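Welcome! Here is a short briefing to read with the model open beside you. Take each topic in turn and look for the parts as they are named.

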Amino acid sequence: MIPAAFDYFRAHTIDEAFAHLQQHGGDARVLAGGQSLIPAMRFRLARPAVLVDVNAVSEFDYLRINGQVLAIGAIARDSDVERAPWISDRRWSLVRDVSRVVADPVVRQMGTVVGSLCHNDPAGDWTATALASRATVVVRGKSGTRRVPIDEFLVDSFATAVGEGEMALGAEFPVPDDRTAGSYQKVERKVGDFATAAAAVQLSLNADGTIRTAGVALSAAGPTAVRVDEAEKLLVGQKPTAELLRAASDAAWKRSAPQADLRGTVEYKKHLAGVLVARGVRQALARLGVQA
Amino acid sequence: MKVRVKVNGVANERDVEPRTLLAYFLREECRLTGTHVGCDTSSCGCCVVVMDGTRAVKSCTMFAAQADGHEILTVEGLAEGGKLHALQQGFWDQHGLQCGYCTPGMLLTAYALLKHQSKPSEADIREGLAGNLCRCTGYNNIVKAVQQAAGGAQ
């Protein structure tokens, strides 16, 4: 279907984009990669009256390691991440994994990381990754720019902390330390499908081999991606063992609250959540040279 | 709104509605029907064109307005001076198509792939084409065609 008619504004600066959004409020949507928004408009699931195209805002076109954070601008494409010069560094293994399984390779050449976070699809890949990475989203509002932790950013399915007339400027992923690795585990029916279930894991180790920090999150396991707090608490401070992995896996199973659909039953998806967290932890550890 | 797009080196200026998708701009405004519309919602890859020389995009999931001021390459622009592009020759020689519906998208996706990786492995090619569906060939001959083109480009 052809989308419903809308007014189109092309912004060239952040100020210009923000002014359009302030003027049109809830009627307006930001058009970045458009790889979720345009299909939604074509199915008439979304009918924004105004689109503010930010693809020409060069201030948004960055992907760089800035001291303590990886800063991702609002129009940095998934494929930019996939091809980043640092992407093969073990510390970024979670981000590397996810950058290769978001949608399909052509969609990734348009789709953006920040757009995916803002879309907040229950089965999104970047949302779970952002949770496990403890990322932050930079949001501009009327009273200025604020940094929103991802846990607060993901409000509900297709809803975020970005209010009417506001705009996400970018995302910040903390730079992991040397003894950090991660893993993204996704089960999909075919390339480009939404996840049937997915798990994002990021672990860092202490010098004595105990787990220093743990990020564990699930996608396609509820209204939004969710952090598996209980698994994180279980893992931190412990030496990895088969028993510990089983406990983390059980916590993921418990935390997962998926919807049944053509991709699988609730029981199947919950089972996968547990299996994928165990696989993710095991792979992250293997990347750190630890067997469990 | 006025949209100016350089398609295969030719400037095209048209007055279109903002909701005009690039695929329809190319087919109906520029009369270049080599860009096919399959699923029409970014799943199949039949409509892939190349923007600004290196980026493969699904033209059914992009507004013509977003291509304003940019250069688009479609399947009609691949051959030069009556000589098939190495990818087209590869598809010909390796029997990389049957019905031909997915072929333009396959060609343009592979074109962008080779711009980023001049010597892709078989796995790279299979991965790079994973967003393009073909219901005839079983893909093997498409992969061989791209391998031939990559070899010939050395």
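Two residues are in contact if their C-beta atoms, placed from the backbone, lie within 7 Å. With that in hand, consider the contacts in chain A with a separation of 6 or more: residues 24 or more positions apart account for 66% of them. Please keep in mind that this is a predicted model.

**Chain A as a whole**

- Chain A contains 10 helices and 14 strands.
- Its radius of gyration is 19 Å, close to the 19 Å that the globule rule gives for 292 residues, so chain A is as compact as a globular protein of that length.
- Along the principal axes, the C-alpha atoms of chain A fill a box of roughly 55 × 45 × 35 Å.
- Of the 292 residues in chain A, 55% are buried.

**Strand S10 of chain A and its partners**

- Strand S10 of chain A covers residues 167-174, and seven of its eight residues are buried.
- Strand S5 (residues 69-73) of chain A runs antiparallel to S10(A), and five bridges join the two.
- To find this pairing in the model, look for Leu70(A), whose bridge partner in S10(A) is Phe173(A).
- Strand S6 (residues 136-141) of chain A also pairs with S10(A) in the antiparallel sense, over five bridges.
- Here you can look for Val138(A), which has Gly170(A) as its bridge partner in S10(A).

**A four-strand sheet in chain A**

- Which strands form the open sheet, and in what order? Chain A lines them up as S11-S12-S13-S14, with antiparallel pairing.
- The edge strands are S11 (180-187) and S14 (226-227) of chain A, as each pairs on one side only.
- Eight bridges link S11(A) to strand S12 (residues 197-205) of chain A in the antiparallel sense.
- Within this pairing, Gln185(A) stands opposite Ala199(A) in S12(A).
- Helix H6 (residues 125-133) of chain A lies across S11, S12, S13 (211-219) and S14 of chain A, and runs at about 160° to S13(A).
- Helix H9 (residues 242-255) of chain A packs on the sheet too, touching S12, S13 and S14 of chain A, and its direction makes about 35° with that of S13(A).

**Chain B as a whole**

- Chain B has five helices and five strands.
- Along the sequence, these follow the pattern β-β-α-β-β-β-α-α-α-α.
- The radius of gyration of chain B is 15 Å, close to the 15 Å that the globule rule gives for 154 residues, so chain B is as compact as a globular protein of that length.
- The box filled by the C-alpha atoms of chain B is roughly 45 × 30 × 25 Å along the principal axes.
- In chain B, 48% of the 154 residues count as buried.
- Among contacts in chain B with a separation of 6 or more, 60% come from residues 24 or more positions apart.

**Where the chains meet**

- How many residues of chain B are in contact with chain A? There are 23, and they are in contact with 21 residues of chain A.
- On the chain B side, strand S4 (55-58) and helix H4 (122-128) are the elements that give two or more residues.
- S4(B) gives the largest share of that side, with four residues.
- By class, the side of chain B that touches chain A has eight nonpolar, nine polar and six charged residues.

Terms used. Residues numbered from 1 in each chain as written. Chains lettered and ligands numbered in written order. Predicted model: local features only at pLDDT ≥ 70, side-chain atom pairs only at ≥ 80, totals over all residues. Nonpolar A, V, L, I, M, F, W, Y, C, P; charged D, E, K, R; others polar. Rg over C-alpha atoms; globule rule 2.2 N^0.38 Å. Buried ≥ 20, exposed ≤ 12 C-beta atoms within 10 Å, placed from the backbone. Pairing = 2+ DSSP bridges. Axes fitted to C-alpha atoms, helices over the stretch in contact; angles between N-to-C directions.
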